[in-house]
Amino acid sequence: MSDQHTTAAEKVEGAERARGELRDALDAAGVKLPSLGLDAASCAGSAPLALIDLGRCNVATARALAAALRSGGSAGRQGATR
């Protein structure tokens, strides 16, 4: 379905699913982003962007995330092009 035909609710639901997928993948890599969530302002209105806010984290979490990305980074780049 193209973005033109996606309703606001569908965009937000899609973002919620993507957030859950990201949280699960991060959990599997041993990384917890405590502020991971939807950006409320981007989900408002009739044509929301439905952005995922990765939030803030401490230095140890940032390093764990960097290590997880380095160990599986090529798979992430392939998935981002879909």
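Which residues line the second largest pocket? The close-ups below start there and then move on to two single residues, all in a predicted model.

**View 1. The second largest pocket and its lining.** Welcome to the pocket: Ala18, Glu21, Leu22, Ile52 and Leu54 line this space. About 190 Å³ lies inside. If you are looking for the main contributor, turn to helix H1 (residues 8-28), which gives the most to the lining, with three residues. By residue type, the lining divides into four nonpolar, no polar and one charged.

**View 2. Thr61 in helix H2.** Here we zoom in on Thr61, found in the helix that spans residues 59-80. Thr61 counts as buried because its relative accessibility is 14%, and the cut-off for buried is under 20%. Setting aside neighbours within four places in sequence, you will find Thr61 in contact with Val31, Lys32 and Leu33.

**View 3. Cys57 in the loop between strand E2 and helix H2.** Is Cys57 buried or partly exposed? With a relative accessibility of 36%, Cys57 counts as partly exposed, since that class lies between the 20% and 50% limits. Not counting residues up to four places away in sequence, Cys57 touches Leu33 and Ala62. Cys57 and Leu33 are 24 residues apart along the chain, and their C-alpha atoms are separated by 6.2 Å.

Note on methods: Residues numbered from 1 in each chain as written. Predicted model: local features only at pLDDT ≥ 70, side-chain atom pairs only at ≥ 80, totals over all residues. Heavy atoms only, no water. 1 Å grid on protein atoms, 1.4 Å probe; cavity = no way out; pocket = protein on both sides within 12 Å on 5 of 7 lines; lining within 4 Å. Points joined across faces, edges and corners; volume = space filled by probe spheres on them. Helix = DSSP H or I, 4+ residues; strand = E, 2+ residues; numbered from the N terminus. Nonpolar A, V, L, I, M, F, W, Y, C, P; charged D, E, K, R; others polar. Buried < 20%, exposed > 50% of the residue type's maximum accessible area, 1.4 Å probe, protein only. Contact = heavy atoms within 4.5 Å.
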